[in-house]
Amino acid sequence: MKIVCKLPNASEDIDGIQFKKRGDAMVSEDVDKETADRFAAIPGFSVLTTGKDDDADAEAKAAAKAEKEAEKAAKAAAKA
């Protein structure tokens, strides 16, 4: 399992877990289920169960895109 962090200015080392930049997110090294569950309870973090870097990269990009679209929609709604 891998952890995706979508928080701005996230570190490459979060609580002793190594993360690498993937798109607009940080993706962790492989972690056990207990660690993944602990991070999943924190806003801005999600869990990937595939463990493949390509899938993690795609997931991180999709999450970033969805977040940007939500921001655009919120701004448009505020203008209306």
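Let's start with the sheet. Five strands form an open sheet, in the order E2-E3-E4-E1-E5, with antiparallel pairing. Which strands stand at the edges? Strand E2, residues 13–14, and E5 do. Each has a single partner strand, so one side of each is left without a neighbour in the sheet. Keep in mind that this is a predicted model.

Now look at the E2 end. E2 and E3 run antiparallel, and 2 bridges join them. Take aspartate 13: its bridge partner in E3 is glutamine 18.

Is leucine 48 buried or exposed? Leucine 48 is buried, at a relative accessible area of 8%. It also shows how the fold brings residues together. Isoleucine 3 and leucine 48 are 45 residues apart in sequence, yet their C-alpha atoms are 6.0 Å apart in space.

Next, the helix. H1 lies across E1 (2–5), E2, E3 and E5. Relative to E5, H1 runs at about 150°. At the start of H1, look at aspartate 32. One of its side-chain oxygens comes to within 3.2 Å of the backbone nitrogen of glutamate 34.

Which residues of H1 are buried? They are Thr35, Ala36 and Phe39. Looking down the axis of H1, the buried residues fall within an arc of 100°, so they line one face of the helix. What do they pack against? The buried residues of H1 pack against E1, E2, E3 and E5. The face away from the buried side carries Lys33 and Glu34, both exposed.

Last topic: the aromatic rings. How many aromatic pairs does a search of the whole structure find? It finds 2. In one of them, phenylalanine 19 and phenylalanine 39 have ring centres 6.2 Å apart.

Phenylalanine 19 is buried, with a relative accessible area of 3%. Phenylalanine 39 is buried too, also at 3%.

Terms used
Residues numbered from 1 in each chain as written. Predicted model: local features only at pLDDT ≥ 70, side-chain atom pairs only at ≥ 80, totals over all residues. Heavy atoms only, no water. Phe/Tyr/Trp six-rings, centres within 6.5 Å; stacked < 30°, edge-to-face > 60°. Buried < 20%, exposed > 50% of the residue type's maximum accessible area, 1.4 Å probe, protein only. Pairing = 2+ DSSP bridges. Helix = DSSP H or I, 4+ residues; strand = E, 2+ residues; numbered from the N terminus. Contact = heavy atoms within 4.5 Å. Axes fitted to C-alpha atoms, helices over the stretch in contact; angles between N-to-C directions. Arc of directions from axis to C-beta. Polar contact = N/O pair within 3.5 Å; in protein donor to acceptor, adjacent residues only side chain to side chain.
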